[in-house]
Amino acid sequence: MLRVLAALLAAASQWQPSTLPFTLHTGEGAKKHLPATMPGGIAVFDYDGDGLLDLFFPNGAGLPSARKSSPRHSNTLLRNLGNFRFEDRTAAAKLSGTGYDFAAIAADYDADGHVDLLVCGLRAITLYRNRGNGLFQDVTASSGIDNKGRWSTGGVWLDYDVDGDLDLFLLNYVRYNPGTEPPCKVEGLAEFCHPRYFDPDSNALFRNQGNGRFEDVSVESGIAAHKGKGMGVAAADFDLDGFPDIFVANDRVLNFYFHNTGHGRFEERGLESGLAAPASGNPPSAMGVDAQDYDNDGRFDLIYTALRDETFPLYRNRGADFEETGLPTKLDLLTRPMAGWGIVFADLDNDGWRDLAAARSDVLSINGPRGATAREPLSWFRNEAGKRFTAPPPIPVPNLMYRGLVAADLNNDGCLDLIATALQAPARLLRNTCQGNWLKVALPLKPGARVRAGNQWAHDSTTAGYASSCVCPLHFGLGTATTVDVEIHEPGRKPRLFPSTKANQTLVIQP
């Protein structure tokens, strides 16, 4: 008994929690406008090139105006000073924002060596170009990216046509007009409405023309033909044909799997692939999404969060299609009583297998009749050699309305820390004091590469879970191994091999 207790205490002490100087203000009032339950993204990227990952948090605004009328609604950029100290650089960087913002997707879209930032909002998106001197410039108008007033909950940067520059897929939710929003109640009190009261909307695809401008190719690519209620998105070369595909998690309607034909078009194959809905045929409240290889077979798998009794569906990539593995991996049993938003694959104990971390809570108002049970904790699930998941001791944080979640090594010690947002609460930082050897692979700032380290595979992406992104080195836990062979696969290039790479370092790959 004492040995078991000691093991539990050691696992719990792996996490050292603290708060960050940012509070997510949603604009929730007596009338429960739907956007107030939806914000909470995070962007993690090194905006100033000093080798430390910085943090950006989009913030809400007043409702129904959707305008930032108070300093408390400002978006926030926190510069990493090292040793888990952060400095607010929002005003200096000109990133305060003006509207109601949900998501932040970082990438170097113009290939100048500086990571840029796309902020997705209720009525508009904003593209900020990183000028490399600590300042960001709003280039939305000159870029040609126009989301036509749609409510964007996120997006993903990807090179869908493999021409060497980053294109943009914008994820859109529902058609929303506060003037026609119906009054909804739970137990006689005002509450957020179910998504069935709102019409679906189409997503958008913008092709990078290479000169700072983008062309809307939503119609000719086939993307605009499918309307959904997008909450999460992941892009990866799921079938390993050399072209990135796109998965969209929709809220209570069938999910989309956009297969890239390689000719500038996408075919929607949700039903054929097995990803449109779980085996029950009932589309869940799909939310945050992540895609990585959890069983180390070289193919990229998928998971998304949902509400209580819907589980967090896990899909194993079989090459030609996907199979649900929630039951055999025990993840269905673990997550059935949970509601979730952000979720990420991340090797949190450096044992060579990607675990899962989830930001949890319900969609219902914290001030509503079920507010007490709407709050939930952060959770992580240990990957046991790709066969099953187990639940270690819980992460030591209070139950809150958690939303965004990113795993990133903030102090360069080889352990992936966790950053999470929560409605009407300060953002949380969980310092990870894991054990085991590791390797990080820093790629050129152009997502799309596949990397093998030993028997593990990872793909470089700009999205992370719900409304979030991480422009971070790829992380591999190595357990007790001290060297590992590394193989880099980049679109349009021959594979590059780095044999017997030493552990516990960052391998920097040159363009």
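This is a predicted model: local features need pLDDT of at least 70, side-chain atom pairs count only at pLDDT 80 or more; totals for chains, interfaces and linings use all residues.

What percentage of the 511 residues in the protein chain is buried? I found that buried residues make up 61% of them, where buried means under 20% relative accessible area, exposed means over 50% and partly exposed lies in between, with a 1.4 Å probe and protein chains only.

**Entry on the model.** Residues are numbered from 1 along each chain as its sequence is written, and side-chain values use heavy atoms, with hydrogens and water left out.

**Entry on the whole chain.** I looked up the elements and found six helices and 40 strands in the protein chain; these are DSSP runs numbered from the N terminus, with helices as H or I of at least four residues and strands as E of at least two. The radius of gyration is 21 Å, close to the 24 Å that the globule rule gives for 511 residues, so the chain is as compact as a globular protein of that length. That radius is taken over C-alpha atoms, and the rule is 2.2 Å times the number of residues to the power 0.38. Along its principal axes, the C-alpha trace spans about 60 × 60 × 50 Å.

**Entry on the sheet that contains β18.** I traced an open sheet of four strands in the order β18-β19-β20-β21, with antiparallel pairing, and I count two strands as paired if DSSP finds at least two bridges between them. At the edges stand β18 (230–236) and β21 (266–268), each with a single partner strand, so one side of each has no neighbour in the sheet. The twist averages 20° from one strand to the next, with axes as lines fitted to C-alpha atoms, for helices over the stretch in contact, and angles running from 0 to 180 degrees between N-to-C directions. Between β18 and β19 (residues 245–250), which run antiparallel, I found six bridges, and V233 has V248 in β19 as its bridge partner.

**Entry on the sheet that contains β1.** Here I read another open sheet of four strands, ordered β1-β32-β31-β30 and paired antiparallel. Its edges are β1 (15–23) and β30 (402–408), each with a single partner strand, so one side of each is left without a neighbour in the sheet. Within this sheet, the antiparallel strands β31 (residues 417–422) and β32 (residues 425–432) are joined by four bridges, and I419 has L429 in β32 as its bridge partner.

**Entry on β15.** Is strand β15 largely enclosed or left open by the rest of the structure? Four of the five residues of β15 (residues 204–208) are buried, so the strand is largely enclosed by the rest of the structure. Three bridges join β15 to the antiparallel strand β11 (residues 167–172), where L168 stands opposite F206. β15 also pairs in the antiparallel sense with β16 (residues 214–216), over three bridges, and there R207 stands opposite E215. In the hairpin of β15 and β16, five residues lie between the strands, and G210 takes a positive phi near 85°.

**Entry on pockets and cavities.** For these spaces I used a 1 Å grid over the protein atoms alone: a cavity is a set of points where a 1.4 Å probe fits but cannot get out, a pocket is an open set with protein on both sides within 12 Å along at least five of seven lines, and lining residues have an atom within 4 Å of a point. Grid points are joined across faces, edges and corners, and a volume is the space filled by probe spheres set on the points.

The largest pocket holds about 790 Å³ of space, and of its 38 lining residues the closest to the centre are A442, L443, P444, L445 and V471. Two or more lining residues come from each of β33 (437–442) and β40 (505–508).

I found three cavities of 30 Å³ or more, and the largest cavity holds about 430 Å³. Among its 28 lining residues, Q292, F345, A407, C470 and L474 lie nearest the centre. The strands that each supply at least two residues to this lining include β18 and β30.
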